[in-house]
Amino acid sequence: MSIELSAIEYRYRDATALAGIDLAIESGELLALLGPSGCGKTTLLRTIAGLEFPDRGRVRFEGRDVTALSARKRHVGFVFQHYALFNHLTVFENVAFGLRVRGWFRRPRRAELERAVSELLELVQLGEFARRYPAQLSGGQRQRVALARALAVEPQILLLDEPFGALDARVRADLRRWLRGLHDRIHVTSVFVTHDQEEAFELADRIAVMNKGRIEQIADPETLYTHPANPFVCRFLGEVNELPAALHARWTGIDDERVVAFVRPHDLEFSAGEGGARVEQVRDLGANMRVEVRHPALAQPLVAVWERSRFARSGLAPGRSVAVSAQRQVLFRGDAPVDAAERAGNALRDILVTHG
Ligand SMILES: Nc1ncnc2c1ncn2[C@@H]1O[C@H](COP(=O)(O)OP(=O)(O)OP(=O)(O)O)[C@@H](O)[C@H]1O
């Protein structure tokens, strides 16, 4: 089932949580809402669920206006960060709960209910845990029970609010792979909230990056990473070096002091030689090496993260003078990306100047 949000605004008494959200989610899509703390992710999710009602704007499911409908009538499944399971009920009964409380005319018969719950427990790989109580499960297992419970009522839409937020990094990584696999099988339109960029990238078909109650950009992970719409999105998607024109003009061909080059640590190049910069620190990260270079024109050190073999080949060591360049960069003039045509034009001009 598709979801369309148009011009959604929501104010708490002293805070604007949503400042005009337009968003179209396709049927069967897995969309992540990604953004810093307080940007409005949870409020937006609750607005889709029917747990909050917007001050302005409309919510539509498959074209039907559901803005005024309560959560019960919207038929969505919800999984929260804290697995809100019933501790006095077994895993089986927790999952069966949603089916038992249905109106009598939709309530399944006993055999049917047992079959449905068993199937769901198999789906979340907890078949053998049916008779256990939540206290006898790990955090990751409890979260899978919560998911099975949300799926029991066959929701048209599944909403997940930081579903793995309370779990440690290893379990989180396992669970998100598992959730992606599950989604590929059942294709229920899903929206999940996270402030973890890696999680959003690994799980989602598309990501909406939010900031201060607005969507800064919505795109698939690849586009978001290679063509961020503005510096906020670029900075939010992981560590990045920001180089003023004085430093990058030599290799980008754009000599405009308003243009800043954003370079990811693995795209930064340091080559031995006089370039005004000096290696300050080298740190061993295990699989990678982190090289920090100080340039007199910059307040912050430039950071490169390279694989060990690449670092070994470079022959760099603390104290060495280096020249700086980049394999890839994204250029912004103020808040706007510098487009490829302008860059190509400049490169051409460089060639003409050199060879002309
Ligand atoms: N019940 C409330 N009363 C007043 N202000 C609220 C309430 N809930 C949230 N807010 C404010 O609304 C804004 C958006 O909050 P929201 O919880 O949607 O953000 P979020 O992106 O989900 O944050 P987090 O990642 O920290 O959970 C924030 O500025 C927050 O302080």
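The model is predicted: local features need pLDDT of at least 70, side-chain atom pairs count only at pLDDT 80 or more, and totals for chains, interfaces and linings use all residues. Residue numbers start from 1 along each chain as its sequence is written.

Start with the whole chain. Its C-alpha atoms fill a box of roughly 85 × 45 × 40 Å, taken along the principal axes. The secondary structure comes to 12 helices and 18 strands. Both are DSSP runs numbered from the N terminus: helices are H or I with at least four residues, strands are E with at least two. Of the 356 residues, 35% are buried. A buried residue has 20 or more other C-beta atoms within 10 Å of its own; an exposed one has 12 or fewer, a partly exposed one falls in between, and the C-beta atoms are placed from the backbone. Among contacts with a separation of 6 or more, 65% join residues 24 or more positions apart. A contact here means that two C-beta atoms, placed from the backbone, lie within 7 Å.

Next, the domains. The assignment gives domain 1 (3-235) and domain 2 (241-355). Such bounds come from an automatic or database domain assignment. The two centres, taken over C-alpha atoms, are separated by 40 Å. The contact between the domains takes 5 residues from domain 1 and 5 residues from domain 2. On the domain 1 side, 4 of these residues are nonpolar, 1 is polar and none is charged. The classes are simple: Ala, Val, Leu, Ile, Met, Phe, Trp, Tyr, Cys and Pro count as nonpolar, Asp, Glu, Lys and Arg as charged, and the others, Gly among them, as polar.

Now look inside. In soluble globular proteins, nonpolar side chains tend to be buried together. The largest nonpolar core here has 92 residues, and A32, L33, V95, A148, L159, A208 and V209 touch the most other members. Helix α5 (residues 139-152) supplies the largest share of this core, with 7 residues. Each of domain 1 and domain 2 gives the core at least three residues. A nonpolar core is a set of buried Ala, Val, Leu, Ile, Met, Phe, Trp, Tyr and Cys residues joined through C-beta atoms within 7 Å. Take L33 as an example. Leaving out residues up to four places away in sequence, L33 touches K41, L44, L45, V191, V193, A208 and M210.

Strand β7 has parallel partners. Strand β6 (residues 76-79) pairs with β7 over 4 bridges, and G77 is bridged to L158. Strand β8 (residues 189-194) pairs with β7 over 5 bridges, and I157 is bridged to T189. Strands count as paired if DSSP finds at least two bridges between them.

Finally, the ligand. Around the ligand sit Y12, A15, A17, G35, S37, G38, C39, G40, K41, T42, T43 and H195. The elements giving two or more residues to this shell are β2 (15-25) and α1 (41-49). A residue is near a molecule or strand if its C-beta atom, placed from the backbone, lies within 6 Å of it. Helix α1 gives the most, with 3 residues. By class, the shell has 4 nonpolar, 7 polar and 1 charged residues. The buried residues of α1 are K41, T43, L44, L45, T47 and I48. After α1 comes G50, with a positive phi near 90 degrees.
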